[in-house]
Amino acid sequence: MTEPVEKHLKDYKRPDFNVETVELHVDICETETHVTATLGVAKSPEAAEGAPFLLDGKELELLEIEVDGRTLSEVDYTLEGEVLTLPGMPEAFSLKTKVKIHPETNTSLEGLYFADGTFLTQCEAEGFRRITFFPDRPDVMSSYRCTVVADKAKYPVLLANGNLVEEGALADGRHFATWEDPHKKPSYLFAMVAGDLACRKDSFTTASGREVALRFYVDHQDADKCEHAIESLKKSMAWDEETFGLEYDLDIYMVVATHSFNAGAMENKGLNVFNSKYVLAKPETATDTDFQNIEGVIGHEYFHNWTGNRVTLCNWFQLSLKEGLTVFRDQEFSSDMGSRAVKRISDVRVLRAAQFPEDAGPMAHPIRPESYIEMNNFYTATVYNKGAEVIRMIHTFLGPDAFRKGMDLYFERHDGGAVACEEFVKAMEDASGVDLTRFRLWYSQAGTPKVTVDRAYDAETKHYTLTFTQAVPDTPGQSNKKPMQIPVKMGLIGADGMPIPLTLEGESAQGPLERVLSFSANMESFTFTGVEDEPIPSLFRGFSAPVTKVVDFTEEELIFLMGNDPDPFNRWDAAQQLFADTILGMVADVRDDKKLSLSEPLVAAVKKTLTHDTLDKALIAQALTLPSETELGDRMAHIDVDGIHAAREFVADTLAEKLKMSWRAVFEECADDGPYTLDSESIARRRLKSLCLTYLARVETPITTFEAFASATNMTDELAALTVLSDLDAEESEKAMGLFYEAWKADTLVLDKWFMTQATSKRPGTLERVKALAEHPDFDIKNPNKVRSLIGAFCQGNPWHFHRKDGKGYDLLADTVITLNAINPSIAARMASGFNRWKRYDEERQGLMKARLERIKNTENLASGVFEIVSKALI
Ligand code: PHE
Ligand code: ZN
């Protein structure tokens, strides 16, 4: 095998040839599909003399090729590897190709594929080249007209981007539909579908009074599960009009749901394709979290219509231009629809659980990567979630009004264009007058900055000084980094719990109660004057920057912040810090076999929060959820799997025991037999009830948990109880699993939950059960949702079992990666990254993981994506 090549941002050049028009004719048969493409091509004025026209093509069988009606012979072109080269082309010409492809055997779920009875496409990032020969890069933008032909009885629904312009019957029971997209687009936004699907219809009237037809295509049996997604879409459309003045620009918006999808969803112009888990929901089958995720993902894909589609990317290195910005937009949308603080907490949990480890591992990259081997590997928490944090910091520095002006200017300048992250920053800068020169380092430097804060109070001068020091860690290919510009949203709190005015040295007027400090040196001090008594600082409110903060807070101070910080996010964060300090502080004692004990003030603080009568119940639930074993591990230089597990279990058991009466009382108080409603208050109540159940199960008999399971009337309560039961080594656990399966075996999305609860169980024998479940008739290695629910959940969400000392957890992952390599390389690569943190463990485990990585690396026909992950991990 030749080693895959790495592509570099510094080598980027605009294309030599532009494709103005694309006419596709896709003729679908059971055992093969013919694609005829007619491209209207024009040489770019900047193209070098004699530059050839290069087209990408992958797994295509070339049947015919013509230029301006003349059939080319083999001396007129070369076809090597995945590149078709046409030398000596005129200024403008028409290229026609005909290829044969095999969607029916395409298990990669990229390009055109057949799954669960439907033909559909996935072109981002480089899937269009699996459909036809094309310069498959986002800076080539064309007008598309697409005709789909298929058997009418089997595939009555034929869709593509834009508007339906013609349809009709053909011979032999076949039919066709022709779609035309009035907007130019890059090839990655192309989509088409042929299937037998139910259609749920609705409509939306835009601010300017245009009526948009909304169409949701799903399996017939799922037609009753679209309501929430449709409502979410309407809310998204209205929100983007109100918040950013952005209207939808076509007369029809289609969403197709599929059970077989590599990612969450895809923003193809006017024809989104969704993983069914982000569309289908009703209270009996979906949890509150599912409902919220649907709202968020529907919003995300809709918002892409402007941030991604109308203004697109000039190359894939700029992916965060659309993804970071669109995640920011969907986060803001969800915050406005529900509770802002709760949304922020869950987003930060994701960032800490997924992005921080990535930023500290072998795949660490800036939000605008400088190179890649396989683009699919860069749809990461860094590009998406840290990318959104970077946009959020710009929003924090500029304020909402200037940010909105920046957005307006960005669209004014670049609508219809394919641009880079730089164009976004420049628009923000020009619209606001704020200098973002140093801030740009967030786009080029990887690694999570560590900010240490020192505090000094001078009782005589009444001066309070905060000294910030930052260290940006070395990451692969990057060392000796420059200090970043970091927004520190903060306040000072007096002993009485009241906020103190923030007057900086040199200011004459009394300052505000909250402010954003801009910290952009290696070390910088901020002195506040007129501070009567030593305050407690509340720093990085709302998580104002994606950094790790180190402050030498005592337990007492954290408890104070947990109860008094006016910023709800920071109250939660203080609780998390307190738990993390406590648990990590015990790990050494576990190792030395010392007796563990939990401090009384901590128990009292937990009780106070739990029984607080004015706090939002959702915030209480978040605050009293202990940090996960994975997150705790990430806070340790050398991860002690067993120590963390034992210490965390001890803290949970002790809190359960000492506050037994309170957990029970709050549980009862949160019970409600009324019908299921999806308002924030009901969600909060269910969430707190579930949390109480997790603690109660540690001290009460399994029968009570089983009763909670059996009496549940919605999936939120049912799954919460099942998850608690799954950790118990009791017959009730098996019984509940059996009942759940019998009740839901016809619903593949609910079965994913069934696989997942068993995969993340703390019970002994979990690995053996996971292996047995991989042989279950309802498990399907070709279905990414199933792989993620069972194997993914086990390897990423069950560290204590995955890191078994006999290495059998590692074998399961390596075997899965090797099997998937031949089936779905993109999912295989994602799974392989489960070994990325191997160097953080003890020597024995390091050795075991390294051996598995090497085994994968030596696999024959290793896909470039898997190669990239394992070879970088092994450096
Ligand atoms: N662009 C999609 C999104 O973020 C994600 C995606 C990437 C889907 C690649 C499929 C393949 O909305
Ligand atoms: Zn996206």
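I began with residues 229–439, a span that is 55% helix and 9% strand and whose end C-alpha atoms lie 37 Å apart; helices (H or I, at least four residues) and strands (E, at least two) are DSSP runs, numbered from the N terminus. UniProt lists these residues, in an unreviewed entry, as "domain: Peptidase M1 membrane alanine aminopeptidase"; its positions are given in the numbering used here, feature names are shortened, and annotations may be inferred rather than shown by experiment.

I note that this is a predicted model, in which local features need pLDDT of at least 70 and side-chain atom pairs count only at pLDDT 80 or more, while totals for chains, interfaces and linings use all residues. Residues are numbered from 1 along each chain as its sequence is written, and chains are lettered from A and ligands numbered from 1 in the order in which they are written.

**Whole protein**

I looked up the secondary structure of the protein and found 27 helices and 32 strands. The radius of gyration is 28 Å, close to the 29 Å from the globule rule for 875 residues, so the protein is as compact as a globular protein of that length; the radius is taken over C-alpha atoms, and the rule is 2.2 Å times the number of residues to the power 0.38. Along the principal axes, the C-alpha atoms fill a box of roughly 90 × 70 × 60 Å. Of the 875 residues, 48% count as buried, where buried means 20 or more other C-beta atoms within 10 Å of the residue's own, exposed means 12 or fewer, and partly exposed lies in between, with C-beta atoms placed from the backbone.

**N-terminal span**

I then turned to residues 23–189, which UniProt lists as "domain: Aminopeptidase N-like N-terminal" in an unreviewed entry. This span is 0% helix and 55% strand, and its end C-alpha atoms lie 15 Å apart. Within it I followed strand 15 (residues 174–186), which pairs with strand 12 (residues 141–151) in the antiparallel sense over ten bridges; two strands pair if DSSP finds at least two bridges between them. Cys-146 has Trp-179 of strand 15 as its bridge partner. Strand 14 (residues 163–169) is also antiparallel to strand 15, over six bridges, and here Glu-166 stands opposite Thr-178. The hairpin of strands 14 and 15 has four residues between the strands, and in it Asp-172 takes a positive phi near 60°.

**Strand 21**

Strand 21 (residues 271–275) is mostly covered, with five of its five residues buried. I checked both faces and found Leu-271, Val-273 and Asn-275 buried on one side, and Asn-272 and Phe-274 buried on the other. Strand 19 (residues 252–258) runs parallel to strand 21 and is joined to it by five bridges, with Thr-258 partnered by Asn-275. Strand 20 (residues 265–266) pairs with strand 21 in the antiparallel sense over two bridges, and Ala-265 has Phe-274 as its partner. In the hairpin of strands 20 and 21, which has four residues between the strands, Gly-270 takes a positive phi near 70°.

**Around ligand 1**

Which residues come nearest to ligand 1? Of the 13 around it, they are Glu-124, Ala-263, Met-266, Glu-267 and Tyr-379, a residue being near if its C-beta atom, placed from the backbone, lies within 6 Å. Strand 20 and helix 2 (288–304) each supply at least two residues of this shell, and helix 2 gives the largest share, three residues.
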